[in-house]
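Biologist: Could you walk me through this structure, a piece at a time? I am new to this, so please go slowly.

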Amino acid sequence: MLTPLLKFLGLDIAKEKYSYGIDPQFGFMSSAKIPDRWVKTTCGYCSVGCGMYLGVKNGKAISVRGDPDHPVNEGTLCPKGLSEHHSIHAKGRALHPLLKIDGKLRKVSWDMALDTLVGRMLAIQRRYGPEAMGVLSTGQLVTEEFYTLGKLIQLGFKTTNYDGNTTLCMASAVSGYKRSFGSDGPPGCYEDLEKADVVFLIGANIADNHPILWNHLRKNEKRILIVADPRVTKTAMLADLYLPLKPRSDIALLNGLIHILIRDNKINADYIDKHTEGFNDLKKFVEKFNPPNVSKTTGLSEDLIEKTAHIYGNAPSAFIGWTMGVNHSTQGTETVNVINNLALITGQIGRPGASPFSITGQCNAMGTREAGFTSSLPGYRKFDNQTDREELAQLWNWPVEEIPKTRGWAYPDIIEGIFKGVIKGLWIIATNPFVSYPNQKLLSDAVSRLEFLVVQDGYHPIPTSAMADLVLPAAIWGEKEGTYTNSERRVSKVNKALDPPGEAKSDFTIFLEVSKRLGAFDKLFPGWKKPEDAFNEWREISRNRLCDYSEITYERLRNEGPIQWGGERLYSDGIFKTESGKAKLFCVDCHEMPEAPRSDFPFILNTGRTVEHWHTRTKTGRIEVLEKMSPEAWAEMNPHDAKKLKLRQHDLIRVLSQRGSIEKIAVRITAIVQPGQIFIPFHYIEACANNLTVAEFDPLSREPNYKQCAVRVERI
Amino acid sequence: MIESITKPSIPLQPGENYRFHFDLTKCIGCKCCEVACHEQNNNPADVKWRKVGEVEGGEFPNTARLYISMACNHCLNPSCLAGCPTDTYYKDPLTGAVRMKEDTCIGCGYCTWNCPYEAPQFNPERRMVTKCDLCHNRLIAGDAPACVSACPSGALQFEKVQTEEWKKNISQANGPGIPEASITLSTTRLTLPKNLKSDLDRVDDYRLRPEKPHYSLVLLTVLTQASVGGFLALFISELLVRLGHLSPLLQKFLKVGPWAMFGLSALALGTSVFHLGRPFFAWKALKMWRRSWLSREVLFFSLFANLAAAYSLLRWTEIFQLPGILETLGALVALSGLAGIYSSARIYMVPARPSWNSIRTPIAFFSTALILGPLAILVIFSWQSRQTAIPLLENGGGLISKFLVMTILTAGLFQLGSILAKLFYTLSQEEHELRGTARLLTQWFRYPFLARLGLLFVSLLGVPLTLLGLLESDSGGGSVPFWIGAILLMALASELLGRYLFFVTVVPKNRPEGYF
């Protein structure tokens, strides 16, 4: 009663809320942010894998601080990490299991929800066959959950149509590594950024997307930074040598560099001889990629191409890093192979500062690659390898004939499978395709044909959960235990700081509960109670594999901090995981992009990210400080194009492709993009870039071609 | 080469301060500093002690986008401190940081107008201003400010500055899109790229965002000015008629007039208190009368209101009639009022608000006084004439009326001049802020602006017309007070609208912002 009056008169200035105090661990800070206890954990956003402390007071997560002793981030965090505790108590958390009854989602008990999940899925499988059930998971769970889920789906439900959103992300890197080196697994580490003489970034805007990696790069004062990107990103602006190449000409550029290096004998003949195969074919193949040709394809001057080749070729140690600019392409896998070619023929692998290095996306994409049972059998084992299957059957005490011999459908094929009438039930876990999947119209058409859609997520409603027949409320980061593995194969502990809200349960608990209802718990997860049980089994499964976790225990992680499997670098001995032990060189041609601009759709649309937001904004869109920094989507356009269209800064436009449109988006006129190109961040459902993108996929990795499609711009 | 400090120690050598160093060549625009600041200080999302802005230029592929992270620059000549009416700000003797005494701030927000960098920020939850104190407590404990510790690219640093040397040459405090450092002697050192592009523009340049209208200040300024103008008109009227014969009409008029004017000023001053975040402590605004024009405004208008009350009382009761006392008191009322208006105008004449920082501001304020005051007096005068059925122009009446009308017309012309001068001046300037004001006047607010001009013009035309009619009929009473009253309302509407536009179309100097 009195408080509003006191406030109005200025007698109450909320002194306590804005006072300061001393935290024993982090010193002076806002008293309101000083927790009762700090829980050591690992950031749940991206794959950089920063160590952090989550502060808890009275059952609330109230603050975060970077872990000063963590080798990855040394106390720093990006803006998303710095505000991550807000994601936990954000509005719109999923609190109760919800079941669609009479067309409306209604609160039901967990028993009912799980019985329905298992009952409906089994009914669908009985009617249409086991493959009628599809599962789409994520890169956001802990390794223990991925391992558990993989067994549950592949062995419990006996469907191979199981994939993750990691296919939308770094599947091309995985396929590329497998083809070149015989196995997945990024060979280098972040320290290479500090030690390399040349750092060559291709389609990687780490300043925006992996800001904490910049911390490593900036420490390297001798390095020459080369950046190839069609857009002058902040990373490109900070480069010593910037290559403003045309979209989808990276293969030509890389082949051109190889051409010059061979021509000028800047290659490591000894390494090629001992550790690679296919060099003679490659040498012959790249003959046509002479500087004049490459200049024509890439739009770069011959001088610039020669200069780049020589800087790279003369470097004692050279690091090549890439992210989505390479992966998000119908030729993503092959581009990775050409990158590997370049590293291999110069022997730039397996040494400090020398590595072809895929900078991964999500916090635990690596965990699902290693343990997840989607694109390969756990422990980087191959579906089509009899020995691998037998080994697993023995370890699991499972009939070998029930271990799948081939990979099931990948993400886009599962969506396609719905159209074909094969997939009838879909379980989506911790991912939000109704923002992130290319060609949204096609996706909604597909999903409307499902008989049963389950969405398991930490938040509700989100665009995907709004479509669900059953919503399972899940715990999120901060509410569960396990491990994440980052881009440099560093395994870090993730710890539970508080209980999930409402009736939400950890994904691990949900998977075990489902297995019980399936009658498979005892066989699949004998005696399992906590994530550590899964981790210990996974340690045994991975023993003697490239990704060997057998010596990594929870206790060691707690005492020693994060540990890299495989040591600092892979392939230091030059022995690869192929049958011959030699890495393979590939001859790759540079193809046209799947949808080139034409008269009625004259612009090339490029999509990407902004530093303030994570993926589809289910978390960061709910965090006020981040959301207010970047509250809406924008479309970048070169000033010359804007002039032709008579657009002024911040005018609202409509963007259309053959598949759909963004009805209203502000134009940002900036010379960061080339004339003829548009850039739109994909985070925003309100102006969804994926209404426009083309559903074309890499034939090898099945990764979508998010980075180029043809669009038109209209004034509104 | 100045050394960057990660572990500050106190005390500093004499003549040394701590300060920020921001390296534009290293910043990757990640905004970690901004979020870390929020976390350190528990500030709401809209209270931005630190903000990252952008400037951009060049042609593809030689494009440059520079991020500029800026918090308080802990100036050597802090304008927040100089303008503060309550002496809330001080330069910390240990670190040189510009800090605030939490309890003395009354939330008037004047510092937020004075600072060219938007460093002091009004926190609506606390109803007071808050700002960066260089993480004072962390410095004492030997830690760098939270934003500096959070920077992953090493762009934001912390170091010592020799203040006397820095005063001699502060060129390193200047950068693209950032207000001229000499205004406040900013201490933040900037490292710029070697080949700085000449066409770098603020990316927020396109954005037209009107300032807050400050309705209570619109009322305060216009009504106090009307009141002062009215008193002045009364005072001079009385001097004029003293020369002639004091008719019963004039006697009555001189009794009623002062009360009306006092009432107007009391209303205005009462309203203005609620402009403050902490109205309970309004009286504290008097404190810095030696330095702050805001304190002086409060002082002179308080004086004016009290003297006006005394004057009105004396007039009314006709007690205490010593020769010359009313005249002396009247002169004091008028003088304190004029001083009040002048102080008012000076409040707005600050370098951080370019469209206000001009002789046009006092001209406009005095013109408002001399349009509305005499008009109000004319209304009262003609009303009295109607009530008493004594012809208006009888005896001294004609002289007074002519004087009032001439004053109104002269002031009106000055006001028109000040408006057009502002329009053409701002249209002709290149400066980001002035150009912005011109765009707001001619685009965003073009209809209110036309209405403002039109109303003023019509009321000015109306005054002589009414007077002509009056002379022709040559009688008191009738409809005259209604006609003059209508003109007064029109003029008042015009002045209120004008003052509203004055507030909403100012484009403050500011640290650069981002695209949104």
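Predicted model: local features only at pLDDT ≥ 70, side-chain atom pairs only at ≥ 80, totals over all residues.

Modeller: Let us begin with a term: helices and strands here are DSSP runs, numbered from the N terminus, where a helix has at least four residues and a strand at least two.

Biologist: What is the phi of A:Ala430 like, positive or negative?

Modeller: A:Ala430 has a positive phi, of about 55°, although this residue is not a glycine.

Biologist: And is A:Ala430 buried or exposed?

Modeller: A:Ala430 counts as buried, because it has 23 C-beta neighbours inside 10 Å, and the cut-off for calling a residue buried is 20 or more.

Biologist: Where is B:Lys31, and what about its phi?

Modeller: B:Lys31 sits in the loop between strand 1 and helix 1 of chain B, and its phi is positive at about 70°, although B:Lys31 is not a glycine. With 28 C-beta neighbours inside 10 Å, B:Lys31 counts as buried.

Biologist: Which peptide bonds are cis?

Modeller: One of them runs from A:His460 to A:Pro461, with omega near 0°, and A:Pro461 is placed in the loop between strand 17 (452-457) and strand 18 (470-473) of chain A. A cis peptide bond also joins B:Ile10 and B:Pro11, with omega about 0°, and B:Pro11 is found in the segment before strand 1 (16-23) of chain B.

Biologist: Changing topic, how many helices and strands are in chain B?

Modeller: Chain B contains 15 helices and ten strands, and its C-alpha trace spans about 85 × 55 × 40 Å along the principal axes. Of the 516 residues in chain B, buried ones make up 55%.

Biologist: How many residues of chain B are in contact with chain A?

Modeller: On the chain B side there are 44 residues, and they are in contact with 51 residues of chain A. The elements that give two or more residues to this side of chain B are helix 1 (32-41), strand 2 (51-59), strand 3 (62-70) and helix 4 (136-140), and helix 1 gives the most, with seven residues. By class, the chain B side divides into 20 nonpolar, twelve polar and twelve charged residues.

Biologist: What about the largest nonpolar core, how many residues does it have?

Modeller: The largest nonpolar core has 366 residues, and those with the most contacts inside it include A:Phe200, A:Ile678 and B:Leu375. The largest share of this core, 14 residues, comes from helix 11 (residues 360-388) of chain B.

Biologist: Which residues is A:Ile678 in contact with?

Modeller: Once its neighbours within four places in sequence are set aside, A:Ile678 is in contact with several residues, among them A:Phe603, A:Leu605, A:Met637 and A:Val713.

Biologist: How do helix 7 and helix 12 of chain B cross?

Modeller: The axes of helix 7 (residues 215-242) and helix 12 (residues 397-428) of chain B come within 10 Å and cross at roughly 145°, and the crossing is right-handed. The contact is made by residues including B:Ala233 and B:Leu240 of helix 7 of chain B, and B:Phe403 and B:Thr407 of helix 12 of chain B. By class, this contact between helix 7 and helix 12 of chain B has eight nonpolar, two polar and no charged residues.

Biologist: And at what angle do helix 13 and helix 14 of chain A pack?

Modeller: Helix 13 (residues 291-298) and helix 14 (residues 302-314) of chain A pack at an angle of about 110°, with their axes 9 Å apart, and therefore helix 13 and helix 14 of chain A are roughly perpendicular to each other. In that contact, A:Pro291, A:Pro292, A:Val294 and A:Ser295 of helix 13 meet A:Glu302, A:Ile305 and A:Glu306 of helix 14.

Notes:
Residues numbered from 1 in each chain as written. Chains lettered and ligands numbered in written order. Core = buried A, V, L, I, M, F, W, Y, C linked by C-beta atoms within 7 Å. Buried ≥ 20, exposed ≤ 12 C-beta atoms within 10 Å, placed from the backbone. Contact = placed C-beta atoms within 7 Å. Axes fitted to C-alpha atoms, helices over the stretch in contact; angles between N-to-C directions. Left-handed = near helix turned anticlockwise from the far one by under 90°. Nonpolar A, V, L, I, M, F, W, Y, C, P; charged D, E, K, R; others polar. Parallel < 35°, antiparallel > 145°, perpendicular 65-115°, else oblique.
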